[in-house]
Amino acid sequence: MNPTSTIATLITSVSLLSLSAHADVKLPEVIADHMVIQRNKPVNIFGTANPGEKISVNFAGKTVATTTAKDGKWIVQLPAQKASATGRPITIKGENTITIKDVLVGEVWHANGQSNMAWTLKQCGGAGQPVLAKSNNAQIRFYNRQRIISPKPVYNEKQLEILKNKAIYAGGWEISAQQTAPKFSAVALIFAQKMHEELKVPIGILHTAAGGSPTEAFISNETLMANKRTAALVKNWPYSKECSTPQAAKNFKNALKPGEKIVFGKFPYHHPWEPSILFDMGVKSLMPYTINGAIWYQGETNQKNPDLHNLLFPMMVRDWRKHWGLGDFPVYYVQLPSVNRPTWPEFRDGQRKFVTAEPNIGMAVTIDTADVRRKTNVHPADKVEVGNRLAYLALENVFKGNKVLATGPLVKEATAKGSEVTVHFDYAEGLQAVGNKPLEHFELAGADGAYVKATPTIKGSTLVLTSSVKAPKSVRYAWNPFPMPRPNFGNKHGHIASPFEINISK
């Protein structure tokens, strides 16, 4: 069947191989041997050829055809297929023929973010051994795009030439095995293993995370420029006061003349942290490959400016959904864990508030995970809980339709009667102190804003707080960069509540 006009429009923005006067059929790098295509949905297959060339695509006994547009680009939709772990070919015919081998049908998810998503299983050391032990699984496959230029050193001429051509990533489809898994994203692999364990279908991960990257690097230029505040990030990069990336100037030291500054849009070299660069080179290069959802672990680079991130992250989610053309697909993200940095409580609270701002959004709370030996370590080695909690969100929300089982208590409102405060929550079935240790980290404040410790008592699906404050005006929980002992307030499913700060409504 013919693609919809929306999807046909999308393909015009996909970065593909250039056409020659007599171009053969060519495909983007994501369409290749060993790929996984999404089950139960029409699947987009796309590429380039000569203008007006007739193209046919065959898979599993079904053939669809189209004619290339004037610019040589084409797209078809394969009919929806049930999951299959049997590797089969996709044959694409134009003036030449390309056969994509060993294609599976299952769940396809996009994994993105900065270093904690890019963090490989090998980097997890001993904590990754149980994951590695399960890694020989041909039904789990990664389109494993990894950043090839580090933002750390002063760039040499070879690196500058690579960046001049916007060569940020390298890598392709790989099958999970003892030899390949160590270089996969640990969080994404754990997510994939849990999904496969529960769903018993092939899992494909499209990975384009890049360490150190700010949120604005993953948002399209047109979207950033449509907002005055985010447009300033573009125009002033890397000298913006809001989200400065001074490392870029150091990287380009060899390329700068005395007194010269990097002028965005005029400087010939690009950078892995540049606004929109990872959208252009990573996210956009996947579109409109059919996915079922996305997982995200990022924020450490933007944590100094929580207010700006509260603008950027919703913008990014809407931008992806708009450009991908697959509707409001699920996006599940990691709330930052305990790290001893002063802005993290406010940053995490901004992440909490976004959970209810858009449809099909979920947040994996990780306030109870961290490196207790190094409280400033932003790269905890144990990624198992993170990957599993993202998988729980997908499994319960997408496949079972039951958010309560996948989400810890989320604060809804607080009311006061004299000095006693009652806090109401969503996802509050069976409130408890997980692990049977005393509840900690609850505080109340009066009009002066001075918080004091509050004593919590669970009463059904609410929490009652008392303290020395006579007329409480606000309440907060785990409002500390690194709360210890580890927060343990949760529901009967063992999921921990998100930290929060709210005003008492009445």
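Visitor: Why are helices H7 and H10 called roughly perpendicular to each other?

Guide: This is a predicted model, and in this model the axes of H7 (residues 228-235) and H10 (residues 306-324) cross at roughly 95°. Angles of 65 to 115 degrees count as roughly perpendicular, so H7 and H10 get that label. Their axes come within 11 Å.

Visitor: Which residues make the contact between H7 and H10?

Guide: From H7 you have Arg-229, Thr-230 and Leu-233, and from H10 there are Asp-307, Leu-308, Leu-311, Leu-312 and Met-315. Sorted by class, that contact has five nonpolar, one polar and two charged residues.

Visitor: What makes helix H9 mostly covered?

Guide: Count the buried residues: seven of the 10 in H9 (residues 277-286) are buried. They are Ile-277, Leu-278, Phe-279, Gly-282, Val-283, Ser-285 and Leu-286. The cover over them includes H10, along with strands such as S2 (43-48), S7 (97-113) and S8 (137-144).

Visitor: How do you know that Thr-415 is buried?

Guide: Buried means under 20% relative accessible area. Thr-415 has 16%, so Thr-415 is buried. You'll find Thr-415 in strand S16 (residues 410-417). Leaving aside neighbours within four places in sequence, Thr-415 is in contact with Glu-420, Val-421, Thr-422, His-424, Ile-504, Ser-505 and Lys-506.

Visitor: Is Lys-200 exposed or buried, and what value tells you?

Guide: The cut-off for exposed is over 50%. Lys-200 has a relative accessibility of 60%, so Lys-200 counts as exposed. Lys-200 sits in the loop between helix H5 (186-199) and S12.

Visitor: Which peptide bond at Pro-238 is cis, and what is its omega?

Guide: The cis bond joins Trp-237 and Pro-238, with omega about -5°. Pro-238 is in the loop between H7 and helix H8 (247-251). Another cis peptide bond runs from Met-484 to Pro-485, where omega is near 0°. Pro-485 belongs to the loop between strand S23 (474-477) and strand S24 (489-490).

Visitor: What makes a space a cavity, and how many of 30 Å³ or more does the search find?

Guide: A cavity is a place where a 1.4 Å probe fits but cannot get out. A search of the whole structure finds one cavity of 30 Å³ or more. About 100 Å³ of space lies in the largest cavity. H12 (384-400) and strand S15 (361-364) each give two or more residues to the lining, and H12 gives the most, with three. By class, the lining has seven nonpolar, three polar and one charged residue.

Visitor: And what volume does the largest pocket have?

Guide: The volume of the largest pocket is about 750 Å³. Of the 29 residues that line the pocket, Gln-114, Lys-152, Gly-212, Trp-273 and Thr-301 are the closest to its centre. Helix H2 (115-118) and strand S9 (146-147) each supply at least two lining residues. The lining of the largest pocket divides into eight nonpolar, 14 polar and seven charged residues.

Definitions and conventions
Residues numbered from 1 in each chain as written. Predicted model: local features only at pLDDT ≥ 70, side-chain atom pairs only at ≥ 80, totals over all residues. Heavy atoms only, no water. Axes fitted to C-alpha atoms, helices over the stretch in contact; angles between N-to-C directions. Helix = DSSP H or I, 4+ residues; strand = E, 2+ residues; numbered from the N terminus. Parallel < 35°, antiparallel > 145°, perpendicular 65-115°, else oblique. Contact = heavy atoms within 4.5 Å. Nonpolar A, V, L, I, M, F, W, Y, C, P; charged D, E, K, R; others polar. 1 Å grid on protein atoms, 1.4 Å probe; cavity = no way out; pocket = protein on both sides within 12 Å on 5 of 7 lines; lining within 4 Å. Points joined across faces, edges and corners; volume = space filled by probe spheres on them. Buried < 20%, exposed > 50% of the residue type's maximum accessible area, 1.4 Å probe, protein only.
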